[in-house]
Structures are given as C-alpha cells and as structure tokens.
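These are my notebook entries on one protein chain. Each entry records what I looked up and what I found.

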Amino acid sequence: MKTKYLLPAAAAALVTVPGMGFAQEAGVEAAQHTSYILTTLLFLVGGFLVFWMAAGFAMLEAGLVRSKNVAMQLTKNIALFSIAAIMYWLVGFGIMYPADWLVEGWLGPFFAITSLEPVGLADTETALDYASVGSDFFFQLMFCATTASIVSGTLAERIKLWPFLIFVVVLTGFIYPIEASWQWGGGWLSDAGFSDFAGSTLVHAAGGFAALAGAIVLGPRLGKYKDGRVNPMPGSNLALATLGTFILWLGWFGFNGGSQLAMGTIGDVADVSRIFANTNMAAASGAVAALILTQIMYGKVDLTMVLNGALAGLVSITAEPLAPSLFGSLLTGAVGGLIVVLTVPMLDKLKIDDVVGAIPVHLFAGVWGTLAVAFYTGNWGAQILGIAAIGIFVFVTSLVVWFVLKAIVGIRVDEESEINGLDVAELGMEAYPDFTNR
C-alpha cells in the first residue's frame, strides 16, 4: 500500500519543486519592480515639493525687501531657478555623480551632459536596484537650485541683475556640484566618514558661504550702518514673508523625506514618516525658541526672527532627520532658532548686511546641524573636516568669482539707482512710493 502512493507523490514533488523556484523568481522580480516604481515616485513627489520651495524663497524675499525692490527679487528667483536647471543638465549632474572621475574622489567630468532613459523603457533595459534617471536628476536639481536661492536674499537691494545671474551659472554648474560630489557622489568626504543626510552643509551652509562672500565684496546697503547705529529697513510685506516661510516648511518634507532615497520596503516607508515627523518638530521648536528669546532680549516678539527661527530649525535637522527621537529633534531645532536670534546682531556689528537673514539661518544653523550628527555617529572629526573643507572651498571660490565680476562688469548699482530702487533702475518699472524708506 505504501509503495502504491509513494510513486505518485514523488512524481508530484518533481513537478512542484521547479514550480516553487519559478514562483520565487517571479516574487523577487515583482519586488524589484515595486521597489523601483516606489522609489522613483518618492523622488518625483519629493522633487516637486522641493520645487515648491522656490516659491517659498520668492515670497519670503519679496516680503522682506522694501517695496521698490520686490519685482527685482522675484525676477532673480525665477531666473536663478531656470539657470540652475540648464546648468545642472549641461554639467552639474555629471560632475556631482561621475561615472568616471577626472581626479578620483575630488573632481568629476566637465563634459557629461545628462541624458534620460529611452521612451517606453523595458525592465530588461535598466537596473532595478534604484530609480529612474529622470526622477533622480529632477530630485537632485532641486537641491542645486535651492543653494542659489539662499544667495539671492542676502545680496538683495543693491546688486545688479546680470552679474548675479553670472554667479548663479558658476555656482550651480560647478561650485555646488563639485563639493556635493565629495559626499553624495561617493567622493573623498564620503570615504572619510562625513555624514550629511539631506544637506545642512552641502546645500545650506554652502549657499550661506557663497552669500557671505558676496556680502563682503558687495558691501552693505546705503544707510544701513550710519553714525555707529544699525538702521532698520523694514520689509514690504510680512504677510508674504510668513506665507513664504510656510511654503518652505511644506517643501522641506520633500527635501528631507525624499533623501531617504528608497521607498521599496516597510522599513523605508516607516523611516520616511519618521523623517517627516522629526522635520516638523525641529521647525516648530526653532520658531518657539526664537519667539521666547526675542521676548526676553527685546521685550517684544520679533516676527521676522520667529520666521527665521522656524527655517533655522529646518536647516538644523536636515543633516540627520532620521536618527533622532522627537525630543532630540526638538532640541536640535531649538538650538537653531536660538542661533538665529544671537547671530543676526553679530553680523550687524561686523557690518555684514544680510537682508533676509540667510547667513544665520543657512550657514550658522547648517554648521550646527552638521555637528549635531556626531551625537549619533560619534565621528566628530569627520563632521568638522567636512564643514571645513566645504566651507573653505565654497567661500574661496565664491570670493574669487565675486571679485572677478566686480573688476570686469561691476556688481553693485550706483547710489541713485539704489535710492530709487532696483525695480526702476534694473527693470525699468514705474516708481511707486516706498513708505519704508522715506
């Protein structure tokens, strides 16, 4: 009786085992497809959220400059984003993520124009372990453009349009991609153990260093520092500035969440949600810290400080939004908010005129956030090395470019143009009364 049933069972087993193998292979293939699709989707959604930050920067800057310079700021913001898109396609993406280094770990190729996959891409025509080239390029481009946006606000109200845009060409095509390649492109800083999850230093401090160099070469606005006093120059519209801050806050979820760079597993999705929550907590604590400290220091709350406190909290958490607890994120963001309130007066003492507070927000808070990573990694040396290397490179190269532009074409408008406003002088618009600078 046992032999009677044994033979059919053995035959069934021989048929089933290959079938199980095919099923396993099909399951693995389906998982790869799902991971590829979801990670690509993460980059696209994250990318257009970061794109929305361009609107945030435009609104924030429009609100914090005087009314006679609003159109100029808006022009700069749409122009710099468009230039960044073209330069990142022509050279930036290839330099930042080199297939072959010109100088191993330090410098990628200058002539690697970005190309996308063919239309109707088949799963056999690409690696399925990451995401589409189009989504990766689109997502990374937004970070490049953000770096240039940081510079725009600092130099507002006295810089000529075309020299500024020439600087944007150099910054987005070469300076930013080179320093970012050292970490995100698998360069020497990555090998040294430096960690910057979404760009507290690679993006924000880098933009701050470029802005600082420009502010030093350009000089302060007329009347800003006179007779040993700092003369306030209130912005045109705090409602716009507040709207811009909320837009930036929203866009930051794509900035940090998309930098998880994967959404194909339960763990990845849970991590993205953790990043969102930590990012939000840091922004909130930065705003509250600035709110309280301005009340203590000045006896009244300063809205512009509160807005920049929220942004500083966001910059601070960007270097490591995954590892901290919610309480840890609260502490990180709160320190960022305090840094802004304390360093704005310091810049004024040095007579460095930063119209929107971008240097305290992006440079100082960015350095703090990058150092704070070492509380989780323990690698203080690598963090300090990365900050120093990127800071020196971006500041020195930016300083050289600014000096060259100043010598060749001039970077500052004349005194009459600055008094009348750049909307008239640079854009030829009709003059409107400016009640903030009588």
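**Entry 1. Helices α6 and α13.** I looked up the packing of α6 against α13: their axes come within 8 Å and cross at roughly 35 degrees. I take helices (H or I, at least four residues) and strands (E, at least two) as DSSP runs, numbered from the N terminus. Axes are lines fitted to C-alpha atoms, for helices over the stretch in contact, with angles from 0 to 180 degrees between N-to-C directions. On the α6 side the contact is made by Thr201, Leu202, Ala206, Phe209, Ala210, Leu212, Ala213, Gly214, Ile216 and Val217. On the α13 side I listed residues including Ile387, Gly391, Val394, Phe395, Trp402 and Lys406. Contact means heavy atoms within 4.5 Å.

**Entry 2. Basis of the model.** I note that this is a predicted model, in which local features need pLDDT of at least 70 and side-chain atom pairs count only at pLDDT 80 or more, while totals for chains, interfaces and linings use all residues. Residues are numbered from 1 along each chain as its sequence is written, and side-chain values use heavy atoms, with hydrogens and water left out.

**Entry 3. Helices α3 and α6.** I then examined α3 (residues 133–154) against α6 (residues 200–218): the axes come within 8 Å and cross at roughly 35 degrees. This crossing is also right-handed. From α3 the contact involves Phe143, Thr146, Thr147, Ile150, Val151 and Thr154. From α6 it involves residues among them Val203, His204, Gly207, Gly208 and Ala215.

**Entry 4. Gln140.** I located Gln140 in helix α3. Is Gln140 buried or exposed? Gln140 counts as buried because its relative accessible area is 5%, the classes being buried under 20%, exposed over 50% and partly exposed in between (1.4 Å probe, protein chains only). Its side chain makes a polar contact of 3.2 Å with the side chain of Tyr97. A polar contact is a pair of N or O atoms within 3.5 Å; within protein, one must be able to donate a hydrogen and the other to accept it, and residues adjacent in sequence count only if both atoms are side-chain atoms. Leaving aside neighbours within four places in sequence, I found Gln140 in contact with Tyr88, Phe93, Met96, Tyr97 and Trp184.

**Entry 5. Length of α13.** I checked α13 (residues 380–408) for its span. At 1.5 Å a residue, its 29 residues should span 42 Å, and its end C-alpha atoms are 42 Å apart, so the two agree. The expected span is 1.5 Å times one less than the number of residues. Just after α13, I noted that Gly410 takes a positive phi of about 80 degrees.

**Entry 6. Helix α7.** I applied the span check to α7 (residues 238–257): its 20 residues should span 28 Å, and the end C-alpha atoms are 29 Å apart, which agrees. I also found a bend of about 30 degrees at Gly251 in α7, taken as the angle between axes fitted to the seven residues ending there and the seven starting there. Of the 20 residues of α7, 14 are buried. At the N-terminal end, Asn237 caps α7, with a side-chain oxygen 2.9 Å from the backbone nitrogen of Ala239.

Entry 7. Leu261 has phi near 65 degrees and lies in the loop between α7 and α8 (266–298). Leu261 is partly exposed, at 33% relative accessible area. Lys351 has phi near 60 degrees and is found in the loop between α10 (326–349) and α11 (358–372). Lys351 counts as exposed, at 51% relative accessibility.

**Entry 8. Leu90.** I placed Leu90 in helix α2 (residues 70–96); Leu90 is partly exposed, at 29%. Not counting residues up to four places away in sequence, Leu90 touches Ala112 and Ile113.

**Entry 9. The whole chain.** I recorded 15 helices and 2 strands for the protein chain. Its C-alpha trace spans about 110 × 50 × 40 Å along the principal axes. Of its 438 residues, 53% count as buried.

Technical notes:
A crossing is left-handed if the near helix is turned anticlockwise from the far one by less than a right angle, and right-handed if clockwise.
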